[in-house]
Amino acid sequence: IDLINMHEMALQIVLKEAIANLAPRPRIVAVRRFYQNQTLDAIGEELGVSSNRIYQIEAKVLRILKQGLSSKRM
């Protein structure tokens, strides 16, 4: 394993930890969007909210994750 792969693996671990620490609804949105590639509409239907609300939650999740990853850069 080279240094680039080790760095990517470390970032993946940090990302998974950050997602695990999200509140339940944002965590569901993050997992469905980033790992399961579900649409905003599908997630909204599952959670009983509009796709626009899912978009807002997703944007907030991305801000939180970006801040978390920026603070843990190696």
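In which helix does Phe34 lie? Phe34 lies in helix 2, where helices are DSSP runs of H or I with at least four residues, numbered from the N terminus. This is a predicted model, in which local features need pLDDT of at least 70 and side-chain atom pairs count only at pLDDT 80 or more, while totals for chains, interfaces and linings use all residues. Residues are numbered from 1 along each chain as its sequence is written, and side-chain values use heavy atoms, with hydrogens and water left out.

**Salt bridges**
- The structure holds 2 salt bridges, each being a side-chain nitrogen of Lys or Arg within 4 Å of a carboxyl oxygen of Asp or Glu.
- In one of them, the side chains of Glu46 and Arg32 meet at 2.8 Å, N to O, and this pair links helix 3 (residues 40-47) with helix 2, the two residues being 14 residues apart.
- In the other, the side chains of Glu58 and Arg33 meet at 2.9 Å, N to O; Glu58 lies in helix 4 and Arg33 in helix 2, so the pair ties together parts that are 25 residues apart in sequence.

- Glu58 is buried, with a relative accessible area of 10%, whereas Arg33 is partly exposed at 25% (buried is under 20%, exposed over 50%, partly exposed in between, with a 1.4 Å probe and protein chains only).
- Phe34 is also partly exposed, with a relative accessible area of 32%.
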